[in-house]
Amino acid sequence: MTTERINPPELSPPTGFSHAVTATGSRVVYLAGQTALDTEGKVVGTTLPDQFERALTNLLTALRTAGGAPADLARVTVYTTDVAEYRTHAPELGRIWRKLAGSDYPAMAVLGVVRLWDTQALVELDGVAVLS
């Protein structure tokens with residue numbers, strides 16, 4: 001896959017995301033929403049950073065199993081039950097992202113939601129990847 005991350009100087013500098021990503025490849029992978037579920041289907045972690053790390057790990061596991069890598073992510077959407085808490089933890093969440101996925105950020109959005117499927121879940125991530 002070939003990606004180009006586009007961050008126009010006319011827009012505010014992106015922190016933890018890219019404004020646009022072009023991707024050229026032959027296979028598109030749509031990644032279902034992942035929360036902090038363990039292998040038994042139970043939400044693990046009581047803090048947003050703990051749950052974010054597990055949800056991202058789950059998303060990347062699905063991606064790797066489909067033959068992709070973190071750099072193949074073109075788009076990720078983050079759903080959180082508390083946007084203010086997400087912003088408070090943003091530096092820590094960025095460190096978790098870089099540790100697990102590297103420093104190439106996809107196009108991203110963070111959306112506040114009333115609740116997620118599992119009531120204990122604080123965050124969910126879904127995404128789109130383009131593979132060669």
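In the predicted model, Gly-41 is located in the loop that connects E3 to H1. With a relative accessibility of 44%, Gly-41 counts as partly exposed. Although Gly-41 and Asp-118 are separated by 77 residues in sequence, their C-alpha atoms are 9.8 Å apart in space. Gly-45 also belongs to the loop between E3 and H1, and Gly-45 is partly exposed, with a relative accessible area of 32%. The C-alpha atom of Gly-45 lies 9.5 Å from that of Leu-122, a residue 77 places away along the chain. When neighbours within four places in sequence are set aside, the contacts of Gly-45 are with Asp-50 and Gln-51.

Helix H1 comprises the 18 residues 48–65. At 1.5 Å a residue, H1 should span 26 Å, and the 25 Å between its end C-alpha atoms agrees with this expectation. The buried residues of H1 are Leu-48, Pro-49, Gln-51, Phe-52, Ala-55, Leu-56, Asn-58, Leu-59, Leu-60 and Leu-63. An α-helix has 3.6 residues a turn, so residues three or four places apart point the same way. The packing partners of the buried residues of H1 are both strands and helices: strands E3 (27–34), E4 (73–80) and E6 (123–131), together with helices H2 (83–88) and H3 (90–101). Just after H1, Gly-67 adopts a positive phi of about 100 degrees.

Two aromatic pairs are present in the structure. In one of them, the ring centres of Phe-52 and Tyr-86 are 6.3 Å apart and the ring planes meet at 70 degrees, so the pair is classed as edge-to-face. This pair links distant parts of the chain, with Phe-52 in helix H1 and Tyr-86 in helix H2, 34 residues apart. Phe-52 is buried, at a relative accessible area of 1%. Tyr-86 also counts as buried, at 12% relative accessibility. Trp-97 and Tyr-105 form an aromatic pair of the stacked kind, with 6.0 Å from centre to centre and 25 degrees between the planes. Both Trp-97 and Tyr-105 are buried.

The largest nonpolar core contains 24 residues, of which Phe-52, Leu-73, Val-76, Trp-97 and Leu-125 touch the most other members. Two or more residues of this core come from each of E3, H1, E4, H3 and E6. The greatest contribution is that of H1, which gives seven residues. In soluble globular proteins, nonpolar side chains tend to be buried together. Apart from neighbours within four places in sequence, Trp-97 is in contact with Phe-52, Leu-56, Leu-73, Val-76, Gly-102, Asp-104, Tyr-105, Pro-106 and Met-108.

Ile-96 is part of helix H3. This residue is buried, with a relative accessible area of 7%. Beyond its neighbours within four places in sequence, Ile-96 is in contact with Pro-49, Phe-52, Glu-53 and Leu-56. Pro-49, Phe-52 and Leu-56 are among the buried residues of H1. Ile-96 and Ala-74 are 22 residues apart in sequence, and their C-alpha atoms are 18 Å apart in space.

For the protein as a whole, the secondary structure consists of three helices and six strands. Along the sequence, these elements follow the pattern β-β-β-α-β-α-α-β-β. The radius of gyration is 14 Å, close to the 14 Å given by the globule rule for 132 residues, so the protein is as compact as a globular protein of that length. The C-alpha trace spans about 35 × 35 × 25 Å along its principal axes. Of the 132 residues in the protein, 34% are buried. Among contacts between residues at least 6 apart in sequence, 73% join residues at least 24 apart.

Methods. Residues are numbered from 1 along each chain as its sequence is written. This is a predicted model: local features need pLDDT of at least 70, side-chain atom pairs count only at pLDDT 80 or more; totals for chains, interfaces and linings use all residues. Side-chain values use heavy atoms; hydrogens and water are left out. Helices (H or I, at least four residues) and strands (E, at least two) are DSSP runs, numbered from the N terminus. The expected span of a helix is 1.5 Å times one less than its number of residues. Buried means under 20% relative accessible area, exposed over 50%, partly exposed in between (1.4 Å probe, protein chains only). Contact means heavy atoms within 4.5 Å. Rings of Phe, Tyr and Trp (its six-membered ring) pair if their centres lie within 6.5 Å; planes under 30 degrees apart count as stacked, over 60 as edge-to-face and the rest as tilted. The radius of gyration is taken over C-alpha atoms; the globule rule is 2.2 Å times the number of residues to the power 0.38. A nonpolar core is a set of buried Ala, Val, Leu, Ile, Met, Phe, Trp, Tyr and Cys residues joined through side-chain atoms within 4.5 Å.
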